[in-house]
Amino acid sequence: MNIRRAALSDLPALMLLQGRCHEPALRDSEADAAHDIATNEYLVACDGEHVIGAAIGCCAASGEWFHVYSVETDPQHQRRGIGHQLIVALLALAPAGATLSADAATRGGAALLRKFPQIEVRNAAHGASLK
């Protein structure tokens with residue numbers, strides 16, 4: 001498995017990944033995904049030619065904070081450390097000294113994010129801190 005920056009050519013695979021990971025109401029449009037690739041830190045985990053995970057982080061222009069706002073792993077590849085490796089790779093792109101935050105949409109996501117004590121984890125549904 002390798003982790004690399006997402007490219008626009010990854011859009012079809014990213015749309016399939018979202019289809020396997022999210023209910024229809026929670027999926028991004030292809031236009032939104034293309035915008036995220038162009039403007040954020042968007043990483044993909046690949047097994048050969050297949051995209052099996054993705055993570056998105058964004059940084060304030062001032063560099064004061066970095067937010068992990070999406071980590072997803074194909075259900076057939078979960079529990080293998082892919083999400084963990086994606087977060088490690090995203091955090092390596094964060095500016096030194098930035099405040100790190102993330103919103104957890106699921107209990108599993110919250111458990112994964114809690115393995116990174118430097119990240120303030122919030123419940124995406126309620127905005128309450130999970131620390």
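Before I turn to the model, a word on pairing: two strands are taken to pair if DSSP finds at least two bridges between them, and the strands themselves (E, at least two residues), like the helices (H or I, at least four), are DSSP runs numbered from the N terminus. What we have here is a predicted model, in which local features need pLDDT of at least 70 and side-chain atom pairs count only at pLDDT 80 or more, while totals for chains, interfaces and linings use all residues. Residues are numbered from 1 along each chain as its sequence is written, and side-chain values use heavy atoms, with hydrogens and water left out.

Let me begin with the overall fold. The protein chain has 4 helices and 6 strands, and along the sequence they follow the pattern β-α-α-β-β-β-α-β-α-β. The radius of gyration, taken over C-alpha atoms, is 14 Å, close to the 14 Å that the globule rule (2.2 Å times the number of residues to the power 0.38) gives for 131 residues, so the chain is as compact as a globular protein of that length. The C-alpha trace spans about 35 × 30 × 30 Å along its principal axes. If we call a residue buried when its relative accessible area is under 20%, exposed when it is over 50%, and partly exposed in between, with a 1.4 Å probe and protein chains only, then 39% of the 131 residues count as buried. Taking contact to mean heavy atoms within 4.5 Å, residues 24 or more positions apart account for 51% of the contacts with a separation of 6 or more.

Now to the sheet. The 6 strands form an open sheet with mixed pairing, in the order β1-β2-β3-β4-β5-β6. Since β1 (2-5) and β6 (119-123) stand at the edges with a single partner strand each, one side of each is left without a neighbour in the sheet. Neighbouring strands are turned by 25° against each other on average, direction ignored, where axes are lines fitted to C-alpha atoms, for helices over the stretch in contact, and angles run from 0 to 180 degrees between N-to-C directions.

On one side β3 runs antiparallel to β2, to which it is joined by 7 bridges, and Gly57 of β3 is the bridge partner of Glu41. The hairpin of β2 and β3 has 2 residues between the strands, and in this hairpin Gly48 takes a positive phi near 65°.

Turning to the helices, α1 (residues 11-21) lies across β2 (41-47), β3 and β4, and runs at about 90° to β3. Helix α3 (residues 82-91) lies across β1, β2, β3, β4, β5 (99-104) and β6, running at about 155° to β4. And which residues of α2 (residues 30-39) are buried? They are Ala33, Asp36 and Ile37, and they cover an arc of only 100° around the axis, judged by the directions from that axis to the C-beta atoms, which puts them on the same side of α2. These buried residues pack against α1, β2, β3 and β4, whereas the face turned away from them carries the exposed residues Ala31, His35 and Ala38.

Asp74, in the loop between β4 and α3, is buried, with a relative accessible area of 5%. Its side chain reaches the backbone nitrogen of Gln76 at 2.8 Å, and, not counting residues up to four places away in sequence, Asp74 touches Leu17, Arg20, Cys21 and Ile52. Ser101, in strand β5, is likewise buried, at 17%. The side chains of Ser101 and His67 are joined by a polar contact of 2.6 Å, the term meaning a pair of N or O atoms within 3.5 Å, where within protein one must be able to donate a hydrogen and the other to accept it, and residues adjacent in sequence count only if both atoms are side-chain atoms. Leaving aside neighbours within four places in sequence, Ser101 is in contact with Phe66, His67, Val68, Ile119 and Glu120.
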